[in-house]
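Please look over the sequence and the model before reading on.

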Amino acid sequence: MKRIKAACITQTLHFLLKEDVSSDYAKKLVTEEVKKYKDSLNKNKTQYKILSEETLADGSVIIEIKKQYNTFPIGHYLD
């Protein structure tokens, strides 16, 4: 029998600008969406580590994140 001792997932998320609104408003929406995403991780008590966060010239944001997979222990993954 096998058991999962630790699990983690690495994701690269690209928060894109909406195309049907003004540029400034779209950038504001992206910033709010990133904040909501981080807040939801904290609210759900998901352990995570942001490896990189980059705002591109167009205002979109790319985040590389390593986070807890489901509710499994994370072991040494976030060290």
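Q: Where is asparagine 70 placed?
A: Helices (H or I, at least four residues) and strands (E, at least two) are DSSP runs, numbered from the N terminus. Asparagine 70 lies in the segment after strand 3. This is a predicted model, in which local features need pLDDT of at least 70, side-chain atom pairs count only at pLDDT 80 or more, and totals for chains, interfaces and linings use all residues. Residues are numbered from 1 along each chain as its sequence is written, and side-chain values use heavy atoms, with hydrogens and water left out.

Q: What is phi of asparagine 70, and is the residue buried or exposed?
A: Its phi is near 50°, a positive value in a residue other than glycine. Buried means under 20% relative accessible area, exposed over 50%, and partly exposed in between (1.4 Å probe, protein chains only). With a relative accessible area of 52%, asparagine 70 is exposed.

Q: Which phi does lysine 45 have, and where is the residue found?
A: Lysine 45 has a positive phi of about 55° although it is not a glycine. Its place is the loop between helix 1 (23-43) and strand 2. Lysine 45 counts as exposed because its relative accessibility is 69%.

Q: How many bridges join strand 2 to strand 3?
A: Two strands pair if DSSP finds at least two bridges between them. Here seven bridges join strand 2 (residues 48-55) to strand 3 (residues 61-68), and the two run antiparallel. For isoleucine 50, the bridge partner in strand 3 is isoleucine 65. In a regular strand the side chains alternate between the two faces of the sheet.

Q: What do strand 2 and strand 3 form?
A: They form a hairpin with five residues between them. In the turn, glycine 59 has a positive phi of about 100°.

Q: Which pattern does the protein follow along the sequence?
A: The pattern is β-α-β-β, from one helix and three strands.

Q: What is the radius of gyration of the protein?
A: This radius is taken over C-alpha atoms, and the globule rule is 2.2 Å times the number of residues to the power 0.38. The protein has 15 Å, whereas a compact globule of 79 residues would have a value near 12 Å. The C-alpha trace spans about 55 × 20 × 20 Å along its principal axes.
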